[in-house]
Amino acid sequence: DERSRKQVLAQIKKDREAKAAERRSEPIPAAATAPPVSTIPAAPQKNYDECRLQLRLPSGQPLVNSFKAEDTLGDVVAFIREQHSELESFSLMTSFPRKNYQTSEYTLSLKSLGLCPSSVLIVSKQGPV
């Protein structure tokens with residue numbers, strides 16, 4: 001801690017000297033300038049072949065499973081029905097960004113829906129229709 005405190009105080013001193021030199025229109029000594037901050041290039045987009053989903057059941061219980069990225073939302077629905085047959089009618093949604101999935105989207109892949117590499121889906125009970 002003492003070492004980092006000294007470094008901060010030294011940086012403050014250099015900054016003050018640089019400001020004073022700037023006001024006097026004198027060239028700033030090379031030692032007083034901070035080294036340039038390197039910019040980190042953006043990481044290349046990764047291609048995920050697996051999708052880990054945490055399904056929040058109406059009871060609040062989490063159900064976690066890994067699916068292939070090319071599996072459809074319909075495969076997830078089938079998995080939920082397999083594991084919890086007491087759920088007769090339900091819908092799926094994400095909390096952030098907030099999105100309710102329609103049955104027409106059940107044919108789309110998890111990857112195309114932006115659920116890879118991992119997401120949380122909320123399973124909401126629906127009343128009998």
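How many disulfides does a search of the whole structure find?

## Cysteines

Zero: a search of the whole structure turns up no disulfides. Keep in mind that this is a predicted model. A disulfide is a covalent bond between the sulfur atoms of two cysteines. Here the pair to look at is cysteine 51 and cysteine 116. For cysteine 51, the closest cysteine sulfur belongs to cysteine 116, and at 3.4 Å it's too far for a bond. The cut-off for calling a disulfide is 2.5 Å.

Are these cysteines buried or exposed? Cysteine 51 counts as buried, because its relative accessibility is 0%. Cysteine 116 sits at 17% relative accessibility, so it counts as buried too, given that buried means under 20%.

## The sheet

Now for the strands. Five of them make an open sheet with mixed pairing, and the order is S2-S1-S5-S3-S4. The edges are taken by S2 (62-68) and S4 (98-101). Each has a single partner strand, so one side of each goes without a neighbour in the sheet. From one strand to the next, the twist averages 30°.

## S1 next to S5

Which way do S1 and S5 run relative to each other, parallel or antiparallel? They run parallel, with five bridges joining S1 (residues 50-56) to S5 (residues 118-125). As one example of the pairing, leucine 53 has serine 119 in S5 as its bridge partner.

Terms used: Residues numbered from 1 in each chain as written. Predicted model: local features only at pLDDT ≥ 70, side-chain atom pairs only at ≥ 80, totals over all residues. Heavy atoms only, no water. Buried < 20%, exposed > 50% of the residue type's maximum accessible area, 1.4 Å probe, protein only. Pairing = 2+ DSSP bridges. Helix = DSSP H or I, 4+ residues; strand = E, 2+ residues; numbered from the N terminus. Axes fitted to C-alpha atoms, helices over the stretch in contact; angles between N-to-C directions.
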